[in-house]
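Biologist: Could you walk me through this fold while I have it open? I'd like to go sheet by sheet and then look at some individual residues.

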Amino acid sequence: MSSLYCKKEAILLIAIAMVFIFGACRNNNSETNETPNILFIMSDDHAWQAISAYDSEIAGLAPTPNIDRLAKQGMRFNRCLVTNSICGPSRATILTGKYGHINGFYSNEITDFNSEQQTFPKLMQKAGYQTALIGKWHLGSLPTGFDYWDILPGQGHYYNPDFINSSGIYTEEGYVTDIITDKTLNWLKNRDEKRPFVLLMHHKASHREWEPALKNLGHFKNVTFPYPETLFNKHENMGTAAREADMSIARTMRIDADLKMWADTTLYQYTKVNTYDRMNDFQRKIWNDYYCQIKEEFDVANLRDDDLVKWKFQRYLEDYLSTILSVDESVGKVLDYLKNSGLDKNTIVIYTSDQGFYLGENGWFDKRFMYEISCRTPLLISWPNVVKPASVNNDIVSNLDFAETFLDVAGIRIPNDMQGESILPLLKGKTPSYWRSEHYYHYYAYPDWHMVKRHYGITTKRYKLIHFYYDIDEWELYDLQNDPLEINNEYNNPEYEKIKIRLEKQLEKLRLKFGDSEELQKLLLPENPDELKAKYTY
């Protein structure tokens, strides 16, 4: 065993010990007599500003009426912040109730999630719950703690996708969102009706390359979406990380693979194999009839500069929001089944995404940054007779809290080593005196796709302090009240000196509380960053 490995193990053990020291004892808060069912719906890269319940201008032109039903029937959370705005680590945190540096899955570069560790499905299964997972997993190793699972290998495909279950890998014909929905309904209809259930329905949509159901192609073709105020932001008043990130609609978004204006390139061949070649002849004809016409119009237009960026923005949103049409339809079908079967009376329904997503703000797509657009995720929860309909919560909650909440509402003791808090009191309309007023974030995946630099920081109700590290050493401070777009870094502004000092002290306390440290941070750096940069450069 190498000395480096031993050193890593020692530091991780110290980090875990610190969590125990600073963790509070957990008491079950559930006051319901009947054990509730839990339906946990999670999409991928679904921006909160693309849900009409959040009253955004974009979603007003692309409404989500079925997802909105959860907001009308239950509670809308306005400040649900993730611990790390990227797919796999977010999922690992949700399963374990722990930060990535504790559960071991802090970057998508990690090959496999350690499935032997404690997760909320295992604890609920042990307590007598039926546990099921259908759809996207994206954690490498096969799921554990589930009585039934049927998942997409890796990222999965939109058309005629492969699935893998305990019997092996196979292919389903159709559109991935519809298939996941049908599998979910089938499981609900055939479950053991004598036992409560926790069911995870996890969609692939709306992940890149944003490929809609064929029936929805062109749904938004004649809609002009409003351009974000910061679409052409040059990031002069932000920092190096924002200026060097490779997630620009103008520079990074691919005309061929992302926007389906295919040409004879390597990127085209990649997308062709993973999309076009998976289709049958009937599907391929519908695809060609739609996208070839757009390609012809695009070639004639010969767009340049800002006009090209605006065109790319509109094309991006047309396809992105069209994938969400199917997700919204899926939510509606499942909610209808719950109502028609009577299950709605004792089933908690949660809708969220693995993180937020940029829809042109700052000129970007993707996520990763600690800025509000990407680290804030939608969260809507319905629970009849417990959650007041159409209620709104503005407290800081997190995906770190999901596991604890599921256990709490099920009447299962929350382990002391989980790092979040049950939001059950908030669902009942009461904010406890101990509730957090700040949130800790840490992003590790540099170099990786989009080249967003490593950073950690603290978010409070009004301020955000971020430290970018590894190949740079820069700090950013944002006043969310005066600068909600987060485009003016106030770190070196003398007027914010006292605030900066206070936030720096709070940040160090949070790092200590959650078992993070400079020593651990150094050990989690890539061994060959230059090789990784080459791997993730187009």
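Biologist: In what order do the strands of the 10-stranded open sheet run, and what is the pairing?

Modeller: In this predicted model, the order across that open sheet is S7-S6-S5-S4-S8-S1-S9-S10-S2-S11, and the pairing of its 10 strands is mixed. From one strand to the next, the twist averages 15°.

Biologist: Which strands stand at the edges?

Modeller: Strand S7 (168-171) and strand S11 (391-393) do, and each has a single partner strand, so one side of each is left without a neighbour in the sheet.

Biologist: How many bridges join S2 to S10, and which residue stands opposite Met75?

Modeller: Strand S2 (residues 75-77) and strand S10 (residues 379-382) run antiparallel and are joined by 3 bridges. Opposite Met75 you will find Ile381 in S10.

Biologist: And the helices, which strands does H11 lie across?

Modeller: H11 lies across strand S1 (37-43), strand S8 (197-202) and S9, and its direction runs at about 175° to that of S9. Helix H13 (residues 402-409) also packs on this sheet, where it touches S1, S9 and S10, with a direction that makes about 160° with that of S1.

Biologist: Staying with H11, how does it sit against H10, at what angle and what distance?

Modeller: The axes of helix H10 (residues 281-301) and helix H11 (residues 305-341) cross at roughly 170° and come within 13 Å. H10 and H11 are therefore roughly antiparallel to each other. On the H10 side the contact is made by Tyr290, Tyr291, Ile294 and Phe298, while H11 contributes Leu308, Trp311, Arg315, Glu318 and Asp319. By class, the residues of this contact divide into 6 nonpolar, no polar and 3 charged.

Biologist: What about H3 and H11, at what angle do they pack?

Modeller: Helix H3 (residues 65-73) packs with H11 at an angle of about 55°, and their axes are 7 Å apart. H3 and H11 are therefore oblique to each other. Pro65, Asn66, Ile67, Arg69 and Leu70 of H3 meet a set of H11 residues, namely Val327, Asp328, Glu329, Val331, Gly332, Leu335 and Asp336. This contact of H3 with H11 has 6 nonpolar, 2 polar and 4 charged residues.

Biologist: Which residues does Gln355 touch?

Modeller: Leaving out residues up to four places away in sequence, Gln355 touches Asp44, Asp45, His46, Val82, Ser85, Ile86, Cys87, Lys367, Ser374, Arg376 and Thr377. With Asp44, the C-alpha to C-alpha separation is 7.5 Å in space, although Gln355 and Asp44 are 311 residues apart in sequence.

Biologist: OK, on to the 4-stranded sheet, what is its order?

Modeller: The 4 strands form an open sheet in the order S13-S14-S15-S16, with antiparallel pairing. Its edge strands are strand S13 (438-443) and strand S16 (474-479), each of which pairs on one side only. The twist averages 10° from one strand to the next.

Biologist: Which helix packs on that sheet?

Modeller: Helix H15 (residues 497-513) does, touching S13, S14, strand S15 (463-468) and S16, and its direction makes about 110° with that of S14.

Biologist: How many bridges are there for S13 with S14, and for S15 with S16?

Modeller: S13 and S14 run antiparallel and are joined by 6 bridges, and Thr459 in S14 is the bridge partner of His439. S15 and S16 pair in the antiparallel sense over 6 bridges, with Ile466 partnered by Glu476 in S16. The hairpin of S15 and S16 has 5 residues between the strands, and there Tyr470 takes a positive phi near 90°.

Biologist: Is Thr460 buried or exposed?

Modeller: Thr460, found in strand S14 (residues 455-460), has a relative accessible area of 10% and is buried. Not counting residues up to four places away in sequence, Thr460 touches Arg79, Ile396, Ser437, Glu438, Leu480, Leu503 and Gln506.

Terms used. Residues are numbered from 1 along each chain as its sequence is written. This is a predicted model: local features need pLDDT of at least 70, side-chain atom pairs count only at pLDDT 80 or more; totals for chains, interfaces and linings use all residues. Side-chain values use heavy atoms; hydrogens and water are left out. Axes are lines fitted to C-alpha atoms, for helices over the stretch in contact, and angles run from 0 to 180 degrees between N-to-C directions. Helices (H or I, at least four residues) and strands (E, at least two) are DSSP runs, numbered from the N terminus. Angles under 35 degrees count as roughly parallel, over 145 as roughly antiparallel, 65 to 115 as roughly perpendicular and the rest as oblique. Contact means heavy atoms within 4.5 Å. Ala, Val, Leu, Ile, Met, Phe, Trp, Tyr, Cys and Pro count as nonpolar, Asp, Glu, Lys and Arg as charged, and the others, Gly among them, as polar. Buried means under 20% relative accessible area, exposed over 50%, partly exposed in between (1.4 Å probe, protein chains only). Two strands pair if DSSP finds at least two bridges between them.
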